Amino acid sequence: MNTQGAIMPYPRAKGIFLVIIAAIFWGVSGTVAQYLFHHKGFTTGWLVVIRLVFSGAGLLFFAQTMGKQNIWHVWKNKKDLFQLITFGILGMWGVQYTYFAAIEHGNAATATILQYLAPVIIASFLCLRDKTWPAKHELTAIFFALGGTFLLVTKGNIHALSISVPAFVWGVLSAFALAFYTLYPANLLSKWGSLITVGWGMMIGGIAFSFFSPPWQFQGDWSFTSFISVVFVVIFGTLIAFFCYMESLKYISASEASLLACVEPMSAAFLAVAWLGVPFGLMEWIGSFAIIATIFILSAMKK
(Lines give C-alpha, C1' and ligand atoms only; values in the text may rest on other atoms or scores of the structure.)
Protein backbone atom coordinates (compact mmCIF):
# COMPACT_ATOMS: atom_id res chain seq x y z
CA MET A 1 0.00 0.00 0.00
CA ASN A 2 1.37 3.38 -0.97
CA THR A 3 0.94 5.70 2.01
CA GLN A 4 2.82 8.63 0.49
CA GLY A 5 0.47 11.55 0.13
CA ALA A 6 -2.15 9.84 2.32
CA ILE A 7 -1.12 11.72 5.44
CA MET A 8 -3.64 11.89 8.23
CA PRO A 9 -5.03 15.35 9.02
CA TYR A 10 -3.42 15.67 12.46
CA PRO A 11 0.16 14.80 11.42
CA ARG A 12 -0.20 17.08 8.42
CA ALA A 13 -1.37 19.93 10.64
CA LYS A 14 1.58 19.20 12.93
CA GLY A 15 4.00 19.47 10.00
CA ILE A 16 2.49 22.77 8.86
CA PHE A 17 2.67 24.11 12.42
CA LEU A 18 6.33 23.08 12.80
CA VAL A 19 7.51 24.69 9.56
CA ILE A 20 5.64 27.91 10.30
CA ILE A 21 7.24 28.05 13.76
CA ALA A 22 10.66 27.51 12.17
CA ALA A 23 10.07 30.26 9.60
CA ILE A 24 8.85 32.70 12.25
CA PHE A 25 11.89 32.01 14.44
CA TRP A 26 14.19 32.58 11.45
CA GLY A 27 12.44 35.84 10.59
CA VAL A 28 12.35 37.09 14.18
CA SER A 29 16.04 36.25 14.70
CA GLY A 30 16.92 38.57 11.80
CA THR A 31 15.02 41.41 13.45
CA VAL A 32 16.65 40.64 16.81
CA ALA A 33 20.04 40.79 15.06
CA GLN A 34 19.08 44.21 13.70
CA TYR A 35 18.32 45.32 17.27
CA LEU A 36 21.80 44.16 18.37
CA PHE A 37 23.51 45.93 15.46
CA HIS A 38 21.61 49.22 15.50
CA HIS A 39 20.80 49.66 19.18
CA LYS A 40 23.53 47.75 21.03
CA GLY A 41 26.52 48.32 18.75
CA PHE A 42 27.27 44.65 18.07
CA THR A 43 29.34 43.72 15.02
CA THR A 44 28.44 41.28 12.26
CA GLY A 45 31.65 39.28 12.60
CA TRP A 46 31.24 38.63 16.33
CA LEU A 47 27.58 37.59 16.11
CA VAL A 48 28.21 35.30 13.12
CA VAL A 49 31.08 33.49 14.89
CA ILE A 50 29.06 33.03 18.10
CA ARG A 51 26.00 31.81 16.19
CA LEU A 52 27.93 29.35 14.04
CA VAL A 53 30.13 27.85 16.74
CA PHE A 54 27.45 27.37 19.40
CA SER A 55 24.75 26.26 16.96
CA GLY A 56 27.15 23.89 15.22
CA ALA A 57 28.19 22.36 18.53
CA GLY A 58 24.54 21.92 19.48
CA LEU A 59 23.65 20.19 16.20
CA LEU A 60 26.63 17.84 16.44
CA PHE A 61 25.73 17.02 20.05
CA PHE A 62 22.20 16.06 19.02
CA ALA A 63 23.53 14.05 16.07
CA GLN A 64 25.85 12.08 18.37
CA THR A 65 23.39 11.55 21.23
CA MET A 66 19.84 11.58 19.86
CA GLY A 67 20.66 10.59 16.28
CA LYS A 68 23.17 7.91 17.35
CA GLN A 69 25.51 9.04 14.56
CA ASN A 70 29.29 9.02 14.68
CA ILE A 71 30.11 12.64 13.91
CA TRP A 72 33.82 11.91 13.30
CA HIS A 73 33.52 9.44 10.39
CA VAL A 74 33.18 12.27 7.87
CA TRP A 75 36.76 13.32 8.65
CA LYS A 76 38.15 10.01 7.36
CA ASN A 77 37.16 10.65 3.74
CA LYS A 78 39.45 13.23 2.09
CA LYS A 79 37.00 14.08 -0.69
CA ASP A 80 34.11 14.56 1.72
CA LEU A 81 36.35 16.53 4.07
CA PHE A 82 37.36 18.92 1.29
CA GLN A 83 33.71 19.42 0.33
CA LEU A 84 32.77 19.93 3.98
CA ILE A 85 35.44 22.60 4.49
CA THR A 86 34.37 24.34 1.28
CA PHE A 87 30.73 24.21 2.35
CA GLY A 88 31.58 25.46 5.84
CA ILE A 89 33.53 28.49 4.65
CA LEU A 90 31.92 29.51 1.36
CA GLY A 91 28.45 28.15 2.04
CA MET A 92 27.66 28.30 5.73
CA TRP A 93 29.84 31.23 6.76
CA GLY A 94 29.15 32.99 3.46
CA VAL A 95 25.37 32.92 3.78
CA GLN A 96 25.43 33.89 7.46
CA TYR A 97 27.89 36.77 7.10
CA THR A 98 26.36 38.33 3.99
CA TYR A 99 22.85 38.11 5.49
CA PHE A 100 23.84 39.72 8.79
CA ALA A 101 25.95 42.34 6.98
CA ALA A 102 22.87 43.25 4.91
CA ILE A 103 20.93 43.66 8.16
CA GLU A 104 23.68 45.73 9.80
CA HIS A 105 23.85 48.13 6.83
CA GLY A 106 20.09 48.12 6.23
CA ASN A 107 17.31 46.30 8.02
CA ALA A 108 16.08 42.75 8.60
CA ALA A 109 13.03 43.11 6.36
CA THR A 110 14.92 44.13 3.22
CA ALA A 111 17.81 41.73 3.89
CA THR A 112 15.52 38.72 4.33
CA ILE A 113 13.44 39.51 1.26
CA LEU A 114 16.50 40.09 -0.94
CA GLN A 115 17.84 36.73 0.18
CA TYR A 116 14.70 35.14 -1.23
CA LEU A 117 16.04 35.92 -4.71
CA ALA A 118 18.05 32.69 -4.28
CA PRO A 119 15.50 30.35 -5.96
CA VAL A 120 15.56 32.49 -9.12
CA ILE A 121 19.36 32.45 -9.06
CA ILE A 122 19.29 28.65 -8.69
CA ALA A 123 16.83 28.27 -11.58
CA SER A 124 18.98 30.55 -13.78
CA PHE A 125 22.14 28.63 -12.90
CA LEU A 126 20.53 25.29 -13.72
CA CYS A 127 19.45 26.63 -17.13
CA LEU A 128 23.02 27.79 -17.84
CA ARG A 129 24.50 24.52 -16.63
CA ASP A 130 22.13 22.40 -18.70
CA LYS A 131 22.38 24.82 -21.65
CA THR A 132 18.61 25.17 -21.88
CA TRP A 133 16.48 28.24 -22.44
CA PRO A 134 14.37 29.15 -19.37
CA ALA A 135 10.80 27.90 -19.48
CA LYS A 136 7.89 30.34 -19.42
CA HIS A 137 7.34 29.99 -15.68
CA GLU A 138 11.06 30.56 -15.04
CA LEU A 139 11.04 33.72 -17.18
CA THR A 140 7.94 34.86 -15.28
CA ALA A 141 9.73 34.26 -11.96
CA ILE A 142 12.77 36.22 -13.16
CA PHE A 143 10.51 39.10 -14.22
CA PHE A 144 8.79 39.13 -10.83
CA ALA A 145 12.14 38.95 -9.01
CA LEU A 146 13.67 41.84 -10.95
CA GLY A 147 10.51 43.96 -10.69
CA GLY A 148 10.13 43.23 -6.99
CA THR A 149 13.76 44.07 -6.30
CA PHE A 150 13.41 47.36 -8.19
CA LEU A 151 10.36 48.37 -6.12
CA LEU A 152 11.95 47.22 -2.89
CA VAL A 153 15.14 49.26 -3.26
CA THR A 154 13.81 52.33 -5.11
CA LYS A 155 10.14 52.64 -4.04
CA GLY A 156 9.42 52.99 -7.75
CA ASN A 157 11.69 56.03 -8.17
CA ILE A 158 14.47 55.16 -10.61
CA HIS A 159 16.53 58.17 -9.51
CA ALA A 160 16.89 57.22 -5.83
CA LEU A 161 17.60 54.21 -3.62
CA SER A 162 15.47 53.64 -0.54
CA ILE A 163 18.26 51.59 1.08
CA SER A 164 22.02 52.10 1.20
CA VAL A 165 24.23 50.66 -1.52
CA PRO A 166 26.09 48.39 0.96
CA ALA A 167 22.76 47.00 2.23
CA PHE A 168 21.65 46.24 -1.33
CA VAL A 169 25.00 44.68 -2.31
CA TRP A 170 25.17 42.50 0.81
CA GLY A 171 21.54 41.48 0.33
CA VAL A 172 22.13 40.33 -3.24
CA LEU A 173 25.35 38.58 -2.21
CA SER A 174 23.38 36.74 0.50
CA ALA A 175 21.02 35.46 -2.21
CA PHE A 176 23.97 34.12 -4.24
CA ALA A 177 25.49 32.64 -1.07
CA LEU A 178 22.18 30.95 -0.26
CA ALA A 179 22.03 29.53 -3.78
CA PHE A 180 25.53 28.05 -3.35
CA TYR A 181 24.61 26.84 0.15
CA THR A 182 21.58 25.06 -1.32
CA LEU A 183 23.21 23.43 -4.35
CA TYR A 184 26.74 22.55 -3.22
CA PRO A 185 26.28 20.08 -0.32
CA ALA A 186 23.91 17.67 -2.12
CA ASN A 187 26.43 14.81 -1.95
CA LEU A 188 27.24 15.48 1.72
CA LEU A 189 23.56 15.62 2.68
CA SER A 190 22.73 12.34 0.95
CA LYS A 191 25.72 10.57 2.49
CA TRP A 192 25.97 12.04 6.00
CA GLY A 193 22.59 13.62 6.66
CA SER A 194 21.60 17.17 7.53
CA LEU A 195 22.65 17.21 11.21
CA ILE A 196 26.28 16.24 10.57
CA THR A 197 26.62 18.28 7.35
CA VAL A 198 25.10 21.46 8.75
CA GLY A 199 26.64 20.98 12.21
CA TRP A 200 30.19 20.59 10.90
CA GLY A 201 29.59 23.30 8.31
CA MET A 202 28.70 25.73 11.11
CA MET A 203 31.66 24.67 13.25
CA ILE A 204 34.15 24.95 10.39
CA GLY A 205 32.81 28.30 9.22
CA GLY A 206 32.70 29.71 12.76
CA ILE A 207 36.18 28.51 13.74
CA ALA A 208 37.73 29.66 10.45
CA PHE A 209 36.28 33.16 10.74
CA SER A 210 37.20 33.42 14.45
CA PHE A 211 40.79 34.02 13.30
CA PHE A 212 39.59 37.24 11.66
CA SER A 213 36.93 38.16 14.22
CA PRO A 214 37.92 36.59 17.57
CA PRO A 215 34.85 36.06 19.79
CA TRP A 216 36.76 37.34 22.83
CA GLN A 217 37.23 40.74 21.15
CA PHE A 218 33.76 42.02 21.87
CA GLN A 219 32.38 45.37 20.76
CA GLY A 220 29.00 46.72 21.84
CA ASP A 221 26.73 47.36 24.80
CA TRP A 222 26.47 44.14 26.81
CA SER A 223 23.33 44.04 28.95
CA PHE A 224 20.62 41.60 30.03
CA THR A 225 18.56 42.36 26.90
CA SER A 226 21.68 41.88 24.77
CA PHE A 227 22.27 38.49 26.38
CA ILE A 228 18.66 37.40 25.84
CA SER A 229 18.84 38.57 22.22
CA VAL A 230 22.02 36.58 21.52
CA VAL A 231 20.50 33.50 23.17
CA PHE A 232 17.40 33.87 21.00
CA VAL A 233 19.46 34.14 17.79
CA VAL A 234 21.51 31.04 18.66
CA ILE A 235 18.90 28.81 20.34
CA PHE A 236 15.55 29.76 18.85
CA GLY A 237 16.65 31.36 15.58
CA THR A 238 19.03 28.53 14.70
CA LEU A 239 18.83 25.29 16.70
CA ILE A 240 15.10 25.10 17.42
CA ALA A 241 14.18 26.56 14.02
CA PHE A 242 16.33 23.98 12.23
CA PHE A 243 14.88 21.08 14.23
CA CYS A 244 11.31 22.25 13.68
CA TYR A 245 11.91 22.52 9.94
CA MET A 246 13.55 19.09 9.70
CA GLU A 247 10.83 17.53 11.89
CA SER A 248 8.12 19.02 9.65
CA LEU A 249 9.49 17.04 6.69
CA LYS A 250 8.23 13.86 8.38
CA TYR A 251 4.65 15.03 7.86
CA ILE A 252 4.66 17.25 4.75
CA SER A 253 6.63 17.32 1.50
CA ALA A 254 9.77 19.40 1.00
CA SER A 255 8.04 21.57 -1.62
CA GLU A 256 5.20 22.34 0.79
CA ALA A 257 7.71 23.16 3.53
CA SER A 258 9.62 25.54 1.26
CA LEU A 259 6.40 27.34 0.37
CA LEU A 260 5.31 27.67 3.99
CA ALA A 261 8.79 28.94 4.89
CA CYS A 262 7.85 32.13 3.02
CA VAL A 263 6.43 33.18 6.38
CA GLU A 264 10.05 34.05 7.28
CA PRO A 265 10.46 37.29 5.25
CA MET A 266 6.95 38.40 6.15
CA SER A 267 7.55 37.89 9.87
CA ALA A 268 10.86 39.74 9.60
CA ALA A 269 9.20 42.63 7.76
CA PHE A 270 6.20 42.94 10.09
CA LEU A 271 8.34 42.76 13.24
CA ALA A 272 10.92 45.22 11.91
CA VAL A 273 8.13 47.71 11.16
CA ALA A 274 6.21 47.15 14.40
CA TRP A 275 9.12 46.84 16.83
CA LEU A 276 12.03 48.80 15.35
CA GLY A 277 10.03 51.34 13.35
CA VAL A 278 11.55 50.44 9.98
CA PRO A 279 9.78 52.53 7.29
CA PHE A 280 8.06 50.20 4.83
CA GLY A 281 5.71 51.79 2.31
CA LEU A 282 3.32 50.47 -0.30
CA MET A 283 6.00 50.02 -2.98
CA GLU A 284 8.20 48.00 -0.61
CA TRP A 285 5.31 45.70 0.25
CA ILE A 286 4.42 45.21 -3.43
CA GLY A 287 8.06 44.48 -4.22
CA SER A 288 8.28 42.04 -1.31
CA PHE A 289 5.23 40.09 -2.42
CA ALA A 290 6.54 40.03 -6.00
CA ILE A 291 9.81 38.45 -4.86
CA ILE A 292 8.04 35.92 -2.65
CA ALA A 293 5.68 35.10 -5.53
CA THR A 294 8.66 33.68 -7.41
CA ILE A 295 8.79 30.83 -4.86
CA PHE A 296 5.18 29.92 -5.65
CA ILE A 297 5.73 30.21 -9.41
CA LEU A 298 8.80 27.97 -9.41
CA SER A 299 7.31 25.47 -6.96
CA ALA A 300 3.97 25.21 -8.74
CA MET A 301 5.65 24.31 -12.03
CA LYS A 302 8.30 22.05 -10.50
CA LYS A 303 8.41 18.58 -12.08
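User: Why are helix 2 and helix 10 called oblique to each other?

Analyst: In this predicted model, local features need pLDDT of at least 70 and side-chain atom pairs count only at pLDDT 80 or more, while totals for chains, interfaces and linings use all residues. Residues are numbered from 1 along each chain as its sequence is written, and side-chain values use heavy atoms, with hydrogens and water left out. The axes of helix 2 (residues 44–65) and helix 10 (residues 224–248) cross at roughly 40 degrees and come within 10 Å. Angles under 35 degrees count as roughly parallel, over 145 as roughly antiparallel, 65 to 115 as roughly perpendicular and the rest as oblique. Helix 2 and helix 10 are therefore oblique. Helices here are DSSP runs (H or I, at least four residues), numbered from the N terminus; axes are lines fitted to C-alpha atoms over the stretch in contact, with angles from 0 to 180 degrees between N-to-C directions.

User: What makes helix 2 oblique to helix 3?

Analyst: Helix 2 and helix 3 pack at an angle of about 140 degrees, with their axes 9 Å apart. That angle makes helix 2 oblique to helix 3. Among the residues in this contact are Leu47, Val48 and Arg51 of helix 2, and Phe100 and Glu104 of helix 3. The contact divides into eight nonpolar, three polar and two charged residues.

User: Why is helix 3 called roughly perpendicular to helix 9?

Analyst: Helix 3 and helix 9 (residues 194–210) pack at an angle of about 75 degrees, their axes being 7 Å apart. That angle makes helix 3 roughly perpendicular to helix 9. In this contact, residues of helix 3 including Leu84, Phe87 and Trp93 meet residues of helix 9 including Trp200, Met202 and Phe209. The residues divide into 13 nonpolar, four polar and no charged.

User: How do you know whether Thr98 is buried or exposed?

Analyst: Buried means under 20% relative accessible area, exposed over 50%, and partly exposed in between (1.4 Å probe, protein chains only). Thr98 has a relative accessible area of 8%, so Thr98 is buried. Thr98 lies in helix 3 (residues 78–105) and touches Trp170, Leu173, Ser174 and Ala177, not counting residues up to four places away in sequence.

User: What makes Leu271 count as partly exposed?

Analyst: Leu271 has 26% relative accessibility and therefore counts as partly exposed. Leu271 belongs to helix 12 (residues 263–276). The C-alpha atoms of Leu271 and Gly30, 241 residues apart along the chain, are separated by 9.7 Å.

User: Why is Lys131 called exposed?

Analyst: Lys131 has a relative accessible area of 78%, so Lys131 is exposed. Lys131 is found in the loop between helix 5 (118–130) and helix 6 (136–154). Phi of Lys131 is near 55 degrees, a positive value in a residue other than glycine. Most residues other than glycine have a negative phi.

Key. Helix = DSSP H or I, 4+ residues; strand = E, 2+ residues; numbered from the N terminus. Contact = heavy atoms within 4.5 Å. Nonpolar A, V, L, I, M, F, W, Y, C, P; charged D, E, K, R; others polar.
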